[in-house]
Amino acid sequence: YLRDFCGCHLSWSGAQLRLPDPLPLLRAEIRAAAPGRYRYYQNVCAQSYSFVWWDWARWEREIDWMALSGINLAPAFAGQEAVWQRVYRNLGLNQSEIDKYFTGPAFLAWNRMGNLRRWAGPLPPAWHLKQLYLQYRIVERMRSLGMTTVLPAFAGHVPQGILRVFPRVNATRLGHWSHFDCTYSCTYLLDPEDPMFQVIGTLFLKELIKEFGTDHVYSADTFNEMTPLSSDPAYLSRVSNAIFRSMTGADPKALWLMQGWLFQHQPDFWQPAQVRALLHGVPLGRMIVLDLFAESKPVYQWTESFYGQPFIWCMLHNFGGNHGLFGTVEAINHGPFAARRFPNSTMVGTGLVPEGIEQNDMVYELMNELGWRQEPLDLPSWVTRYAERRYGAPNAAAASAWRLLLRSVYNCTGVCVNHNRSPLVRRPSLHMDTELWYNASDLYEAWRLLLSAGAELGSSPTFLYDLVDVTRQAAQQLVSDYYLSIRQAFQSHALPELLMAGGVLVYDLLPELDSLLSSHSLFLLGRWLENARAVATSDREAEQYELNARNQVTLWGPSGNILDYANKQLGGLVLDYYGVRWSLFVSVLVESLNSGRPFHQDQFNQAVYQVERGFIYNKKHYPAVPAGDTMEISRKLFLKYYP
């Protein structure tokens, strides 16, 4: 009713809720029937990349948005460490053993999947209390709105302290994860046959259900980006069977929800026999698999629809919560319908599973609507109506801008991985990727059109957000152009051209982009840091949480282990992190031409690491309140840089 009759719009970046007066009367009641049982939302990683510092007010808004979007299945993962701590203490572990296991708040998603331990920890007692309090309210509200909550279950990973308390337990140390060594990874995995597996798994789940009640759906990911100890199908079946038994030991009605990321992430290991074994360790129909990256790399097609287990067709779309306009609109407009028509399809719904949120609202609104459709939409006319609802008024220029964006940035085809690799947000080198999947001139033209709509739409908060976002994307493209000029000048030994291109980039374009981002509250580094500090109950906690927040969006680990994976374009970060990096790069290249000594990437990496680390510990206060006039700054950038 709000969307189709009142022309309203609700999204992460704002709401347009000007209701017509009088309210439109209905000739008949509105009925909507979804083709699938579930509309799922949330990625385990988003708990860290996006939700980590949320208070109840922010959670409440999200749950409202979920309900209004028709979402009816979602995880409720807050507070689980408090319950785990209780279980570990009951089993005989001491506090220091527990503290050596939990990571800091910004990295808990990977601690829960057995990827990481200790890094940026430990968790203060106050953290546990606050998260428990949040979880009570989250599950209560989700259930009151008719949603099924998904609770965490035991996946088999245990702290090292378990080996001290139970010396005869059969646990094996897993290999290292990503670019972390065993200081912070290599967790222990209990053997599925070990009796302690059932003891720990059932103990945890009983404790959790006693605390929060249950809707009988549980999540566990044992082999997320981790190679199992054996590829023997019998072993893999034993693992999944043990996990499922530990669930039914606490709740006979248990249904296991599992991310299907592992199958497409390590296809060499997960051959059909291995996939079938893992899935068939659980009775058919008692597991739901999330086909997590179905818009680009669907797994159901090569596993005969997950060998009979039900699955949800999911759009992943975003990695690391990166900013950057991106979408695969054709793939999501047709993919779910093709999956439903697949021979013997076991599809039971659609899902949104971005690693980070608060970006590209249009794509998520489209995916949410497709969960209720029986056939694909006419996208150009859909996006025209979207613009009108989003801004609260029809505007020809804005509608044209959106149709251009739809056919360019939002229409990546083939195997598309939306990981922002723009030189702007990556460590500088002479081998950077500047490829685009779209025509750059379409984006520049959309920028021009949006600016021209400013006179009419400038009072709309959602319009100003989009203007920042599109201008930011244009600036990101321009950074690539200046980078290519810098590289060309250096390789041709043309010092004046190098100084010119490097000077414009470092002293004008990046500062202008930073001031644009600083003019909008949703693009502020200060907001991310202030939200982190606000969770703390002491200065010491506030410092720990702020370091967690700074590290996650930059070095991601003690030494740049997953450098810039969670890059963001935020006011403060562009100037003091990306900008300082580019400044150093240009100076090193100039010095190289002046002295005749070759540029060495390894030496530069060592020097720039000090800059990156310096940012994390600079103790600088970044404002959490926007400054400057968005329209004015965007227009200034346009007049200077529009090609």
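Visitor: Which hand does the crossing of α21 and α22 have?

Guide: The crossing of α21 and α22 is right-handed. Keep in mind that this is a predicted model.

Visitor: What else describes two packed helices?

Guide: The general idea is the angle between their axes plus the distance between those axes. Here, α21 (residues 525-534) packs with α22 (residues 539-552) at about 145°, and the axes lie 8 Å apart.

Visitor: Which residues make the contact?

Guide: From α21 you have Trp528, Leu529, Ala532 and Arg533. On the α22 side the contact is made by Ala542, Glu543, Tyr545, Glu546, Ala549, Arg550 and Gln552.

Visitor: Okay, on to annotations. What does the UniProt record say about residues 382-640?

Guide: The unreviewed UniProt entry annotates that stretch as "domain: Alpha-N-acetylglucosaminidase C-terminal". In the model, residues 382-640 are 64% helix and 0% strand, with the end C-alpha atoms 34 Å apart.

Visitor: Now a single residue. Where is Arg421?

Guide: Look in the loop between α16 (396-407) and α17 (440-452). Leaving out residues up to four places away in sequence, Arg421 touches Arg426 and Asp433.

Visitor: Why does Arg421 count as partly exposed?

Guide: Because its relative accessibility is 42%, and partly exposed is the class between buried, under 20%, and exposed, over 50%.

Conventions: Residues numbered from 1 in each chain as written. Predicted model: local features only at pLDDT ≥ 70, side-chain atom pairs only at ≥ 80, totals over all residues. Heavy atoms only, no water. UniProt positions renumbered as here; feature names shortened; annotations may be inferred. Helix = DSSP H or I, 4+ residues; strand = E, 2+ residues; numbered from the N terminus. Buried < 20%, exposed > 50% of the residue type's maximum accessible area, 1.4 Å probe, protein only. Contact = heavy atoms within 4.5 Å. Axes fitted to C-alpha atoms, helices over the stretch in contact; angles between N-to-C directions. Left-handed = near helix turned anticlockwise from the far one by under 90°.
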